[in-house]
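Me: I have a two-part request. Could you go through this structure with me, taking my questions as they come?
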Amino acid sequence: MDELILTQDEIKKIAHDFMQEYFAEVEEIVGFHVEFINENGFIEPSVDYSSLRVFLDTAANDLKSLDPGIFNSLLIKLHSDVASLHNYFTKLTKNLQISKVVYVRDFLENIKLFVDLQDDMKKTDGQKGKYKSLMLQAENQLEAMKEIKTKEDLAKQKNLKRRYADALHKYSECEEELKVIRKKLKYLEEVFQEEFFEQFEQYRDYYLSVLKRVVNVKAYYFDKLLWYNAKDSEIIRKFFKDSKIEGDYETKTFVKYYIRNLNIDQTKEHSWHAYLTEVLRMLD
Amino acid sequence: MLFTKYSTEEINLMLEVGKMKRFSQYDDNQFIQIAKKLPIFQNLKDSDIASIMLNCKFLKFKNNQLIIKDGIVSSEIFYLASGKINILLGERVIKVVEAGNIFGLGSFVTKEPLEVSITSHGSSAVMSFNTNLQVTTESKAYTYFLFYKNISKYLSSKIKSISKSMGYI
């Protein structure tokens with residue numbers, strides 16, 4: 001295999017097969033949820049609920065501490081569903097962030113040809129090392145034989161020189177082979193790059209956007225169900241009344257209540273205030 | 001937990017609650033406050049009214065604009081929130097109805113085509129309720145039972161009032 005050349009079709013196929021396998025898990029997850037959403041006619045909200053999630057969790061915890069009874073089995077299930085999906089989305093976003101790492105660590109390392117060449121390189125490099133040490137050994141022995149006194153010494157010297165020459169020859173052969181292997185590895189590293197990154201970005205952007213929409217839909221229903229349950233709670237109604245919270249039983253009202261009670265002079269509450277103001281702007 | 005499954009009842013509840021939000025974007029409180037004053041919503045909680053009102057439309061009409069055409073079988077009943085309406089037999093106005101009344105019950109009761117048309121007398125605002133309510137949960141079944149019961153009571157009182165005015169009672 002002196003010359004390694006892949007056709008564009010082969011490159012595309014190898015990259016495509018990798019994407020199919022690499023994104024198989026997320027495909028299964030989004031497939032399951034998209035089917036569920038579409039089959040049942042769930043609404044996709046216009047508000048980005050993934051940005052509201054921090055507040056939504058805070059609100060849920062606060063309402064739960066006021067009246068744990070509002071967390072019925074469905075709300076618990078939905079809460080856990082949203083959390084799992086959101087965590088998966090965060091983990092996936094992080095894993096897919098540096099495409100170069102995915103390219104080297106996951107893609108190239110999974111191409112048989114590339115792996116075989118790496119194995120060959122290791123093996124050849126090992127042999128090269130072995131011949132190097134044989135050369136050194138012969139060199140040292142020759143150096144130790146300062147004076148040739150007998151026929152046996154001469155024969156031994158000849159033998160050592162022959163061994164040295166053989167080792168040198170093999171060593172050079174290994175070096176040549178390593179050059180070829182490195183060239184092939186470099187070729188493989190470069191030949192897939194363009195196709196890989198083009199396909200990878202398409203797959204990544206697609207799955208992350210669909211997954212984000214799935215999280216958004218589930219978070220939307222969690223939000224609605226949370227307040228649907230909350231507004232039937234006498235404890236929460238009383239809390240609203242006692243706290244002089246005016247407005248509907250919904251996240252927007254609760255955000256306003258939080259903002260009202262913040263002390264923005266305190267540094268730690270400053271960023272929280274900025275976040276809540278942004279949340280309120282999104283809900284308006 | 002990445003493949004959470006929901007029962008039909010849970011899905012239906014989520015859908016209902018989700019739609020309520022969509023409805024509230026159009027100011028559901030305002031709708032509910034109006035609806036609460038109507039006899040057909042007596043003894044119903046706000047959340048029950050809200051779920052019935054998922055099937056409600058708020059419509060505005062200009063002068064002489066057709067609201068209901070004769071000959072149709074309607075599953076809707078209407079509440080005149082503001083303005084007046086004309087009830088026409090052919091092209092003749094047989095009655096002008098003031099705001100605060102419910103109309104369109106004829107076709108709802110008999111399931112036969114309406115014999116009259118209704119147009120707006122000046123500008124009017126009408127709330128239309130679809131009575132083809134789908135029962136998705138046990139609690140909704142009770143809500144709809146109360147709603148239909150209220151409609152029956154309203155109709156009985158209307159018949160009683162008409163009979164009285166005609167001297168039958």
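Me: Which residues of H3(A) are buried?
Reply: In this predicted model, the buried residues of H3(A) are A:Tyr49, A:Leu52, A:Phe55, A:Leu56, A:Ala59, A:Ala60 and A:Leu63.

Me: Where does H3(A) bend?
Reply: The bend is at A:Phe55 and amounts to about 40°. Helix H3 of chain A covers residues 49-66, and its 18 residues reach 24 Å from the first C-alpha to the last, close to the 26 Å expected.

Me: Which residues touch the most other members of the largest nonpolar core?
Reply: That core has 37 residues, and those with the most contacts to other members are A:Phe55, A:Leu63, A:Ala219, A:Tyr221, A:Phe222, A:Leu225 and A:Leu226. Among the elements that supply at least two residues each are H3 and H8 of chain A and helix H1 (8-24) of chain B. H8(A) gives the most, with 13 residues.

Me: What is A:Leu63 in contact with, leaving aside its neighbours within four places in sequence?
Reply: A:Leu63 is in contact with A:Ile70, A:Leu226, A:Ala230 and A:Ile236.

Me: Changing topic: how many residues does each chain bring to the contact?
Reply: Chain A brings 20 residues and chain B brings 17. On the chain A side, helix H2 (24-40), helix H4 (73-97) and helix H8 (193-230) each supply at least two residues. H4(A) gives the most to that side, with 7 residues.

Me: How do the residues on the side of chain A that touches chain B divide?
Reply: They comprise 11 nonpolar, 4 polar and 5 charged residues.

How values were computed
Residues numbered from 1 in each chain as written. Chains lettered and ligands numbered in written order. Predicted model: local features only at pLDDT ≥ 70, side-chain atom pairs only at ≥ 80, totals over all residues. Contact = placed C-beta atoms within 7 Å. Helix = DSSP H or I, 4+ residues; strand = E, 2+ residues; numbered from the N terminus. Nonpolar A, V, L, I, M, F, W, Y, C, P; charged D, E, K, R; others polar. Expected span 1.5 Å × (residues − 1). Bend = angle between axes of the 7 residues up to and from the residue. Buried ≥ 20, exposed ≤ 12 C-beta atoms within 10 Å, placed from the backbone. Core = buried A, V, L, I, M, F, W, Y, C linked by C-beta atoms within 7 Å.
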